[in-house]
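I opened this model to look up helix packing and aromatic pairs. My entries are below.

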Amino acid sequence: MISLNNKLREIFAQPTSVYARPIARRIVLGLAFFLLFMIILSSDFISEKVSFEVGQVSDRDVIAPRTVAYVDLIKTKKFEDEVLASVANVYDLDIAVITKAEESISMIFSEARMATSNKTLESTEQKIEKLQKVLPVPLPNSVIQGLIALDEKAMANAEEQSKAILRKFFQRGIRDDDLDIARKHIVIETEEMGLGKTTETVVAGIGQALLRPTLILNVRETDKRKQSAMASIEPVRETVKKGQVMVRRGDFVTAEQIHAMEELGLSKGHVNEMRIFGLAIFVLTTMLIILGYMYKFAYPIYENDLYLVLLGLIMLVTLLLGKAAHYYSDFSAPIAAGALLVAILIDTRLGLVISIALSLLFGIIVEHDLRAVSTVLIGSLIGVYSVSKMAHGYSLTRTGIWIAGINFLVIASTGFIEQLNNSQILMQGVQGVLSGIGASVITTGLLPYLENAFNITTPLKLLDLAQPNHPLLQRLLLDAPGTYHHSVLVGNLAETAAGSIDADPVTVRVGAYYHDIGKIKRPYFFVENQVVNENPHDKIAPSLSTLIVTSHIKDGVDLCRDYKLPQVIVDIVQQHHGTMLVSYFYKRATENEHSECIIEADFRYEGPRPQSKEAALIMLADACEAAVRSIGKPNVNRIEATVRKIIRERLHDGQLDECNVTLKDLNVIGDVFIRVLSSMFHTRIEYPETLKELERRKTKNGSSNKQCSGKDDSNTSNGADSDCSTK
């Protein structure tokens, strides 16, 4: 079965495909994940729709799915109308109206006097007709008849009273809408003056005819005041809380309720495009920040399409888990699982960035609840910190406990800030604890599937390979015990130095265990596995010996692939000798006849040279351990000279040119190797001759009951202290 890794490589490797261009692949991947993120995060925006009309009886309870604040347009319009109605109109007093009215009164009575004194007009009808033509304002016939009927004294009195009553009303101020009422009041007040019926008719009629508005509307000033009042009006805002019943079953639906449902996107035919647009901008910005970080600070991840697919899948799964948990409780969402998976499978620093990004996107799901966002953010960061110390592996169980504890503290502290009751804080804290444990369980469950699908090697996987019961290590122990012991010592030596040069200690240790695994095919051609003094290389040509010795690289690579070991281990096996010269057999070959036909390249390993710090470290540890072991009487000076020489030879031979090991790193590696090897191969205490002779005699005489317990000559030959040496 072809793994997902291989399938993706086949797709992306098509030369005629659009995916052959890296930028095109990333654009396609980015758009695909962008759409998937939008679908997950906007699902609440397109929830179940309802259709109501104003006055309709609701057939259901409508509950707000989230908290939203909006401007109530209906209430705002009503409030604006009330404010505008409360603004008084501005009027200007027209003084010219009073002067003109008095002039008109004088003219009326003057014409009336002339008409009454005119002897040519004999009948009353003629006088009325004559006055109608010359009067400045039209008057009713009854008023004109009254004027003609008045004598000189009464007419003078009527003229004076007409001016007085008009002056009185004009001084009060008359507006257009007050004109009809003022005319009625003139009649009433004239009757109260007791002037007589004819005079009252004349005064009231003239007053009604000449009454005009004295207050003229100042349109400009009035509009200015209304605009000022409108500018001071704040829109009426309403807030609907999540879970609030907006419309109850059996109630009449109002316009305000329909507007609130439209704001929440619950009304059929109404989609809040601005919310979708804002969400798209937010998601796109978050994705660009992640890509920008990888481009700037983690470019190998940015240019690896498999890592990008894995990263997108982890974020999708995490958001789906957060979405599902949201319907139960925001504090139970296992968002930290996404950060843990990224930190373990891809990169620890990227895990920190993803922690922030997932927390921001989760904020959309929880309607920007700061407590929920703070909880998942801090919990995710703590989880990443917990799995970042991988020198000796990590424990997801311990990580889950850390996240659970931090979640409880964050929830409790923010709950106290918001002054929630203790029972509510305790319940939410328990949910946070379950979230932390759930994140650990989910990470543990998904980790092996993602490892195999994307062919990623994690520290846990490497630690499993380092177990002594691994089938390949068991074969090495049984078929090549000397090589097994050598590999363990190389692992200890290289792992000690790895931490000092920023190399991965777990990779170094496991790589050292398997670096000579190819020797199990022909173990007795290697000196550490030869238990007798006979060396098979003495009977064959140096060129053949070189071929046999160098073939353990290819044999090791084949065995690693047969047992499906990770590529990082295969690389170490393939690179740990680089292109070094097999100097012993090359020297033997040059000492024979026809040495001029010897080609040095035929006596070198095929390589490649070490491409990583880990492979270089194992190359140096392998050579130093073997060289120091061959020293007759090792001491600190001899060990130091040997180690410095080997490192210098590898450096001058160009074996370290293709890895990122610096001269400073080499100096540190040498110091560590010298310290460790000096403690491993320290000078042994020799037995005095008398004690050796005594031991020999006791053994010869069979005095087994008097022999030193637990020690023998074999230990002595290895330089180990015995009980006898202390007597």
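I worked on a predicted model, where local features need pLDDT of at least 70, side-chain atom pairs count only at pLDDT 80 or more, and totals for chains, interfaces and linings use all residues. Residues are numbered from 1 along each chain as its sequence is written, and side-chain values use heavy atoms, with hydrogens and water left out.

**Helix α6.** I took helices as DSSP runs (H or I, at least four residues), numbered from the N terminus. Helix α6 spans residues 141-149, and V143, I144, G146, L147 and I148 are buried there (under 20% relative accessible area, 1.4 Å probe, protein chains only). These buried residues pack against α4 (96-117), α5 (124-134), α7 (152-172) and α9 (197-210).

**α4 and α9.** I looked up this pair next. The helices pack at about 135°, with axes 11 Å apart (lines fitted to C-alpha atoms over the stretch in contact; angles run from 0 to 180 degrees between N-to-C directions). From α4, A101, S104, I105, I108 and F109 make the contact; from α9, V202, I206 and L210 do (heavy atoms within 4.5 Å).

**Rings.** I searched the whole structure and found seven aromatic pairs (ring centres within 6.5 Å). The rings of Y295 and Y302 have centres 5.2 Å apart and planes at 85°, so I logged the pair as edge-to-face (planes over 60 degrees apart). Ring pairs link Y295, Y299 and Y302 into a cluster. Y302 is buried, at 14% relative accessible area.

Definitions and conventions: Buried means under 20% relative accessible area, exposed over 50%, partly exposed in between (1.4 Å probe, protein chains only). Helices (H or I, at least four residues) and strands (E, at least two) are DSSP runs, numbered from the N terminus. Rings of Phe, Tyr and Trp (its six-membered ring) pair if their centres lie within 6.5 Å; planes under 30 degrees apart count as stacked, over 60 as edge-to-face and the rest as tilted.
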